[in-house]
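Here are my notes on the model, as numbered points. Please read them with the structure open.

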Amino acid sequence: MSALLDIKDVVVRFAVRGGVFSSAGSIDAVSGVSLSIEEGKTYGIVGESGSGKTTLARAVAGLHHASEGSILYRGQELRDLPEAQFRKLRREIVMMFQDPIGSLSPRLSVKSLITEPFRIQGMKGRDLDAEARRLLAMVGLPPEFAARYPYQISGGQARRVGVARALALDPKLLIADEPTAGLDVSIQGEMLNLLARLQDELGLAIMIITHNLNVVRHITDRVGIMYLGKLVEEGETDTVFSAPRHPYTLALLAANPEPDPDAQLMRIELQGEPPSILNRPTGCEFHTRCPFAQARCSTDVPSWQVAGPAAHRCHLPASWEQDKVCPA
Amino acid sequence: MSDTSLPKPRSEMGEILHHLLRDPLGLVGLVIVTLIVGSALLAPWIAPYDPIAMNIPDRLQGPSAAHLLGTDQIGRDTFSRVIWGGRVALQVALPTIGGAVAIGLILGMAAGYGPKWLDTLIVLFFDTLRSFPTVMFALAVVALVGPSLNTVIFVIMATSIPTYGRVVRTLTLSLKEAEFITAERALGASTLRIMGVHLLPNVLGPLAVLAAMDIPTVVGLEAGLSFLGMGVRPPTPSWGSLLNDGYSLIRNTPWLIIAGGIPLILTTIGFTFLGEALRDVVDPKLRGKGGK
């Protein structure tokens with residue numbers, strides 16, 4: 001299978017305005033990320049708040065400008081693509097935003113909201129009533145919802161409206177930014193089942209941005225772990241979850257509630273907050289919080305090490321001999 | 001697939017009116033405003049006398065069955081002049097506010113949504129306009145082209161553009177970063193569509209409130225300018241010129257100044273109530289919450 005989306009060394013740089021006591025400069029919110037998503041597959045991006053995962057998603061959706069690198073969609077370069085040409089691709093590359101209600105235009109009825117893609121993309125000829133009914137049925141909402149306004153529906157219902165809107169035009173790639181944020185656990189489950197079902201039916205590739213590891217474990221094929229704007233570990237979800245190599249991945253998994261009390265996973269607790277992206281650590285950017293860090297970690301930037309169906313960037317990766325973790 | 005039609009959402013205007021009528025403040029405001037606008041529109045049929053016809057023998061009368069609010073120093077019927085004065089007041093207020101809102105809306109949205117240089121330019125323009133004191137500006141324009149209704153409209157409109165423009169700009173700036181606007185961009189909506197379909201309806205509500213509250217100010221300004229002799233020319237009846245006449249005759253008859261003052265007060269109360277009630281109603285999230 002060929003890659004639908006191929007991201008190479010993407011950097012998203014923001015200018016920082018200087019104040020009276022500070023000089024102007026720039027920060028790299030995303031700093032050299034490469035990954036590729038295959039048609040019909042699900043790719044999860046995991047990371048803490050501020051790790052640059054939303055910025056990466058928005059760069060792919062053409063909402064932020066990537067300063068360096070390349071974003072190839074079916075071989076076509078998206079970086080620097082003028083909006084007039086990008087607009088046609090917006091039928092195929094769609095995005096769902098974090099805030100279910102806040103991402104719906106508050107003065108539009110649900111019907112207007114879900115049929116808006118047709119109007120924007122110049123498909124007014126369609127029977128919008130029929131399309132609205134089809135889309136509401138697709139996401140499991142009764143037709144009466146067409147007359148509601150965003151302030152009259154719940155977060156979970158708004159999320160479904162968001163899905164209907166995103167999938168109205170039969171896209172090829174859905175970028176879902178925190179699709180389960182702000183939803184009850186039971187509704188989160190429904191949401192994920194809905195996405196999985198629609199993915200099967202429509203042959204959709206999904207790039208899912210989340211900090212919820214259980215979501216990633218259950219619905220993604222591949223996963224990338226992001227820290228301070230860079231991927232630290234990347235690969236097939238099963239491999240990354242069963243045999244994490246990078247200490248940051250280990251720590252994330254250790255922090256995730258484990259329903260099985262017999263599961264033996266090393267506990268790693270991270271101290272402190274992630275460093276400021278304005279003041280990026282030298283060497284491996286994780287060394288300031290890494291419990292295993294050694295001298296060279298603060299000077300040498302680790303390069304990618306491929307280990308089976310996954311890869312990581314760490315000088316001292318965990319090894320998984322005989323199912324037992326022994327770092328370094 | 002069933003062929004039942006989808007339910008139609010209730011229209012925004014219907015929704016607003018429905019909630020407005022259930023708010024006592026809104027109801028009182030609406031009644032007063034309807035009364036003022038209605039009497040101004042129907043002035044030729046309501047007013048018992050010609051507002052500029054002199055009748056010297058009946059001058060300076062108190063209220064009577066023949067003259068409900070008495071007469072002035074040349075025997076004109078005050079009640080008729082109040083009714084016709086309302087016409088002048090609205091003739092000034094509506095185009096003034098309408099023009100200022102329209103221009104402020106366009107400039108404010110362009111400043112808020114457009115590039116930085118355009119924003120700087122428009123804000124500079126607003127600040128320049130705002131720095132003119134209305135009355136001084138009016139004096140200068142009157143000195144140039146002479147007093148008239150159009151002068152009043154032009155002066156008040158020019159000096160109130162920044163008020164609306166700045167409110168629209170601020171609202172636009174805060175909405176621009178809202179997630180639903182980013183979501184529209186991600187769908188490929190054009191700038192024009194984002195401004196017209198998604199920004200405008202969210203800006204219009206607060207703006208309508210502001211405009212309703214501003215109508216009495218403009219009516220008062222018109223009265224003030226007419227009082228100073230810079231507004232409408234005699235013998236055209238205006239609430240300001242009624243006050244002016246009444247002021248000089250206050251020792252002979254208090255009726256004139258009372259008759260000129262009461263409609264001003266009523267206009268202020270009516271539009272302010274309406275504005276207050278609108279504020280609670282135009283935001284769909286606050287609708288029907290009952291109470292503040």
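1. Start with one pair of residues. Ile175(A) has Met207(A) as its bridge partner in S8(A). Strand S7 (residues 173–177) and strand S8 (residues 205–210) of chain A are parallel and share five bridges. Two strands count as paired if DSSP finds at least two bridges between them. Strands (E, at least two residues) and helices (H or I, at least four) are DSSP runs, numbered from the N terminus.

2. A word on the source. This is a predicted model, in which local features need pLDDT of at least 70 and side-chain atom pairs count only at pLDDT 80 or more, while totals for chains, interfaces and linings use all residues. Residues are numbered from 1 along each chain as its sequence is written, chains are lettered from A and ligands numbered from 1 in the order in which they are written.

3. S7(A) and S8(A) belong to an open sheet of eight strands, ordered S6-S7-S8-S3-S9-S10-S12-S11 in chain A, with mixed pairing. S6 and strand S11 (305–307) of chain A are the edges; each has a single partner strand, so one side of each lacks a neighbour in the sheet. On average, neighbouring strands of this sheet are turned by 20° against each other, direction ignored.

4. Helix H9 (residues 247–255) of chain A packs on that sheet. H9 touches strand S3 (42–47), strand S9 (222–227) and strand S10 (230–236) of chain A, and its direction makes about 100° with that of S9(A). Axes here are lines fitted to C-alpha atoms, for helices over the stretch in contact, and angles run from 0 to 180 degrees between N-to-C directions.

5. Chain A also has an open, antiparallel sheet of four strands, in the order S2-S1-S4-S5. Its edge strands are S2 (25–38) and S5 (76–77) of chain A, each pairing on one side only. Within it, S1 (residues 3–16) and S4 (residues 68–73) of chain A are joined by five bridges. Lys8(A) stands opposite Ser70(A) in S4(A).

6. Now the interface. In chain A, 29 residues are in contact with 23 residues of chain B; contact means C-beta atoms, placed from the backbone, within 7 Å. H3(A) gives the largest share of chain A's side, four residues.

7. Last, chain B. Why does the span of helix H4 (residues 78–113) of chain B agree with expectation? At 1.5 Å a residue, its 36 residues should span 52 Å, and its end C-alpha atoms are 51 Å apart. The expected span is 1.5 Å times one less than the number of residues.

Methods: Two residues are in contact if their C-beta atoms, placed from the backbone, lie within 7 Å.
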